[in-house]
Amino acid sequence: STGEPKGVQIRHDALADFACWYRDTYAVTGADRATIFGPLSFDISVLELWPYLVAGASVAVAPPEVRLVPSALGAWLDRAGITVATLVTPLCEAAIDSGHLGDAPRLRLLHTGGDRLTRRPPPGATYTLVNNYGPTECTVAATSGAVPSEPVDALPDLGHPLGPTAAYVLDVWGNPVPSGATGELHVGGASLARGYLGRAALTADRFVPDPFAVRPGARMYRTGDRVRRRPDGRLDFLGRVDQQIKLRGHRIEPAETEAALLACPGVHAAAVAVMGPTPARQRLVAYVVATATDAELRAELERSLPAFMVPAQIVHLDVLPTLPSGKVDRSALPPPPERARPAPFTGTPVEQAIAGIWKALLDTDVGVDDNFFDLGGTSLLLAAVQAALQAQLHLEVSIQDLFHHPTVAALARHIAPHENSAAPRSGGTGRRSSQLRATAALRRGKRSDGGEFEQDRLGQGADER
């Protein structure tokens, strides 16, 4: 969550157990052809490689042009002859919403993981959707389960513990809670990591003695996740027991941003929370009692924190709301003031076209200096921006260019050399192109708080780092 990587030590026998369990459970053979979408530094690549290699199956590396374009996935899966695919949760949900997975008739298994799943496969889907849960500390996955199409009014569960994994739902005193009660999930068994490389204190805090194991000296990992065990043994995810949040693929400890704020000159009190009218519009907001200006605070934070931990908005209060205990009452923090409505555009035709594309996708007014990501944009929506720029302005702009030029003004300056040949098509910027309509459902249904695959303005997810 700090942007500083922690090395997790996974034993080879734990990896072998996981790969063989997966191969046997899902009947992977040499005839299968699987996918790899994530970078090798991301732990889901273990799931994408080893279970198939030990079975003699093939693994196809997804080309860059389909990794962020859900509507293109089905056709590529079909061309590559894919039978088993693994997609991180945000991309999986977008692919389901696109309706194009039906273009891959040979797809029999669709695995997902990395964030809370909110979709189910459509009725009649020819593939089985499998939801996987598990922190890196437990060799990629700790639970797994097939997701049925029904019931549509309930979120998919986490499934059952994997073969070599033990899962305990415990109260704050470390006692098992009855079925249906809420507790913190602790994971043990042969899949458990040795601990964190060079972080003895952190290892001792998170990897604690397992009193339920037969083997002497066994340990279990405190996941920090609140769950409930169903009567059938499957687990429901209910949230976190601590203050950790997840925003656009990044795990963030608000206390760390608060500490950085309190270290700034002129700050007397600080609290940080995720705020937003809808999941797609959520952002990190700081509440401060301070004499320093926003510009001064932002400059200090940018020197000490990674970009994804710098609040998108800073709200000044005379005093922070508190509980009788004296702690900050986070439920009483006021919603941040609405962003001032940008002045009408008087810029170039290219700036007007870009602003029109963003407005159609993000459903908000756009100013010339507004940041795409601060307005609620995500990496998946950048693919729609790219398509719309091609359709309206006849311009080929890469995803990386869109990441590196996230404001209307910056992007317009970047493509200025092509401006003479970039006249918008008839209909102007007020008319939604077919590409924008095709991604409207993605914007409305897309969760922006999750998915390690989702990227920040630098184009790299926190967990990928």
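Q: What share of contacts between residues at least 6 apart in sequence join residues at least 24 apart in the protein chain?
A: In this predicted model, 63% of such contacts in the protein chain join residues at least 24 apart. The chain holds 13 helices and 19 strands, and 50% of its 465 residues count as buried.

Q: Why is L53 called partly exposed?
A: The relative accessibility of L53 is 44%. Buried requires a value under 20% and exposed a value over 50%, so L53 counts as partly exposed. L53 lies in helix α2.

Q: What makes W50, L53 and V54 a nonpolar surface patch?
A: Patch residues must have over 30% relative accessible area and no salt bridge, and nonpolar side chains are joined within 5 Å. W50, L53 and V54 make such a patch, of about 270 Å².

Q: How do you know that strands β2 and β3 pair?
A: Pairing requires at least two bridges. Strand β2 (residues 33-36) and strand β3 (residues 58-61) share 4 bridges, in the parallel sense, so they count as paired. T35 stands opposite A60 in β3. With helix α2 (residues 44-53), β2 and β3 make a right-handed β-α-β unit.

Q: Why is helix α5 described as largely enclosed by the rest of the structure?
A: Buried means under 20% relative accessible area. In helix α5 (residues 89-98), 8 of the 10 residues are buried, so the helix is largely enclosed. The buried residues include L91, C92 and I96. Just after α5, G99 takes a positive phi of about 75°.

Terms used:
Residues are numbered from 1 along each chain as its sequence is written. This is a predicted model: local features need pLDDT of at least 70, side-chain atom pairs count only at pLDDT 80 or more; totals for chains, interfaces and linings use all residues. Side-chain values use heavy atoms; hydrogens and water are left out. Helices (H or I, at least four residues) and strands (E, at least two) are DSSP runs, numbered from the N terminus. A crossover is right-handed if, with the strands pointing away from the viewer, the path from the first strand over the helix to the second runs clockwise. Patches are made of residues with over 30% relative accessible area and no salt bridge: like charges are joined within 9 Å, nonpolar side chains (Val, Leu, Ile, Met, Phe, Trp, Tyr) within 5 Å. Accessible areas come from the Shrake-Rupley method with a 1.4 Å probe; for residues, only the protein chains shown count as cover. A salt bridge is a side-chain nitrogen of Lys or Arg within 4 Å of a carboxyl oxygen of Asp or Glu. Buried means under 20% relative accessible area, exposed over 50%, partly exposed in between (1.4 Å probe, protein chains only). Contact means heavy atoms within 4.5 Å.
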